[in-house]
Amino acid sequence: MTGKTPSTSAFSDSAFRWLWSAFVLAQTGSALGSVAIPLIAINELGLNEATVALLATASAVVLLVAAFPAGYVAEFNRKRPLMIGADLVRAATFALVAVLLLSGLLHVAWMFIALGMNAAMQILFGSASSAHTKALLRPDHRADGLGKLQAASWTSLILGPVVAGVIAGITSPAVLLLGNAAAFVLSAALVRGIPRPEGPSPVRIEGARRSSEAIAGGRFLLTEPMLRRLFWSWLIFAGAVAAMGPVTQIFYLQDLQFTAAQYGLLMGLPSLGGLVGSRITGRITRRWQLGPTVWWSSVLRTPWYLLYPLAPPGTPGLVMLLIAFTGVLFFSSITNSAMSALRMELTPDHLMSRTSAAWSIATMGAGPALIPILGFLAQAADARTALWAILALVTVSVLVLPARHLLQPRGTRTF
């Protein structure tokens, strides 16, 4: 009599299914909020461009400021209560904004408070959930589980704004915010119902300074040899991608003179590539293992960037860019999930939340560091020149990877 072959899918774990469902609802709430907030700010409150930009900037500042303390708090406390609390605070905040809007009492100050609170809770939830996901999943399920979580993000990115736009069109932004709040409440309920006890949290080192403990995750990223190379590679790539946004907006709408419909198609349709890539990450890592998957998916996402500066105006350019963007998102989604799983393998359990927070801080800071430089290059030369520079940066991000260690023979790899 033979034993049953263990499933290779993370969905075979009922605890992960509950966590994944909570993640989907939280993503749904975020998608509704991403449409509701600008509609309220511009159409309901009549805020000007400068104030709307200030709202976005304030949220980014809160994310950066809150990341280190959030990682520290999440590290040494039970993760599920923090995730539940973060969901419920976000639900209460957006429900309050909806009530104030419906009663005619909403002021721009409440928008700043709501977005700041949402940003702080987002980074707290992310720091806690990163460590909890590692604890919840078996090592051989992690890449598949992370891919499924990323697939949920892609689905919400593709469908969420569309559904939210339809709802806002037939009702009001306040309904979107109430739906947002309800999604966060349901997410909290699902986290509460995960059918497996949570393990013990790491214990603080006696006598250690809190400031030193708070930055321990960043220190580990910069001192662990292999993780340091992964970190710098990701930092360069994330900065280049963030800086690419403003450059491509100019390139598409001014240089290539795409219509609004063509621009919308180019922004939405390629996301299907990211969805497909994230869904097959588990199968790919089971065949190649994590190291080679990170390396080859990073290599294979790079040539697509060559098509951007070569794109001509008109339909041929639109088709070329649709193919390029789809290819980029397909291989990038595989890289992101595999690299996240590898980062989990390389990071000790007692540093997971703080390392995740430090990684988030660096990712958020990479864009603002490169956006002005590439923006100046686009203005001084042209958008195509800036796109060639982005291709160079993406190529460098591959060269920084520790190829020799990632491509070690199968029998000598430990990840």
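Colleague: How are α11 and α14 oriented to each other?
Modeller: This is a predicted model, and in the model α11 and α14 are oblique to each other. The axes of α11 (residues 271-288) and α14 (residues 314-346) cross at roughly 40 degrees. An angle under 35 degrees would count as roughly parallel and one of 65 to 115 as roughly perpendicular, so the pair is classed as oblique.

Colleague: Within what distance do the axes of α11 and α14 come?
Modeller: The two axes come within 7 Å.

Colleague: Is the crossing of α11 and α14 left-handed or right-handed?
Modeller: The crossing of α11 past α14 is right-handed.

Colleague: Which residues of α11 and α14 meet?
Modeller: On the α11 side they include G273, G274, V276, G277, I280 and I284. On the α14 side, L329, F330, S333 and I334 are among them.

Colleague: How many of the residues in that contact are nonpolar, polar and charged?
Modeller: The contact of α11 with α14 has 7 nonpolar residues, 10 polar ones and no charged ones.

Colleague: Let us stay with V276 for a moment. Is V276 buried, partly exposed or exposed?
Modeller: V276, which is found in helix α11, has a relative accessibility of 44% and therefore counts as partly exposed.

Colleague: What separates V276 from A74?
Modeller: Their C-alpha atoms are 32 Å apart, and the two residues are 202 residues apart along the chain.

Colleague: Now a change of topic. How many salt bridges are there?
Modeller: The count comes to 7 salt bridges. One of them joins R196 to D13, with the closest N and O atoms 2.6 Å apart.

Colleague: Where do R196 and D13 lie?
Modeller: R196 is in the loop between α6 (173-192) and α7 (210-214), while D13 is in the segment before α1 (14-44). The pair links distant parts of the chain, 183 residues apart.

Colleague: Why is D13 called buried?
Modeller: Buried means under 20% relative accessible area, and D13 has 11% relative accessibility, so D13 counts as buried. R196 has a relative accessible area of 30% and is therefore partly exposed.

Colleague: Which residue forms a salt bridge with D87?
Modeller: R90 does, and the closest N and O atoms of the pair are 2.8 Å apart. Both residues lie in helix α3 (residues 79-102), 3 residues apart, which is about one turn of the helix. R90 and D87 are both buried.

Colleague: And what is the N to O distance between R142 and E345?
Modeller: The side chains of R142 and E345 meet in a salt bridge at 2.7 Å, N to O. R142 is buried, with a relative accessible area of 10%, whereas E345 is partly exposed at 30%.

Colleague: One last topic, the backbone. What is the phi of Q257?
Modeller: Q257 has a positive phi of about 55 degrees, although it is not a glycine. Most residues other than glycine have a negative phi.

Colleague: Where is Q257, and is Q257 buried or exposed?
Modeller: Q257 lies in the loop between α9 (225-255) and α10 (260-268). With 62% relative accessibility, Q257 counts as exposed.

Colleague: What about Q289?
Modeller: The phi of Q289 is also positive, near 75 degrees. Q289 is placed in the loop between α11 and α12 (290-301).

Conventions. Residues numbered from 1 in each chain as written. Predicted model: local features only at pLDDT ≥ 70, side-chain atom pairs only at ≥ 80, totals over all residues. Heavy atoms only, no water. Axes fitted to C-alpha atoms, helices over the stretch in contact; angles between N-to-C directions. Helix = DSSP H or I, 4+ residues; strand = E, 2+ residues; numbered from the N terminus. Parallel < 35°, antiparallel > 145°, perpendicular 65-115°, else oblique. Left-handed = near helix turned anticlockwise from the far one by under 90°. Contact = heavy atoms within 4.5 Å. Nonpolar A, V, L, I, M, F, W, Y, C, P; charged D, E, K, R; others polar. Salt bridge = Lys/Arg side-chain N within 4 Å of Asp/Glu carboxyl O. Buried < 20%, exposed > 50% of the residue type's maximum accessible area, 1.4 Å probe, protein only.
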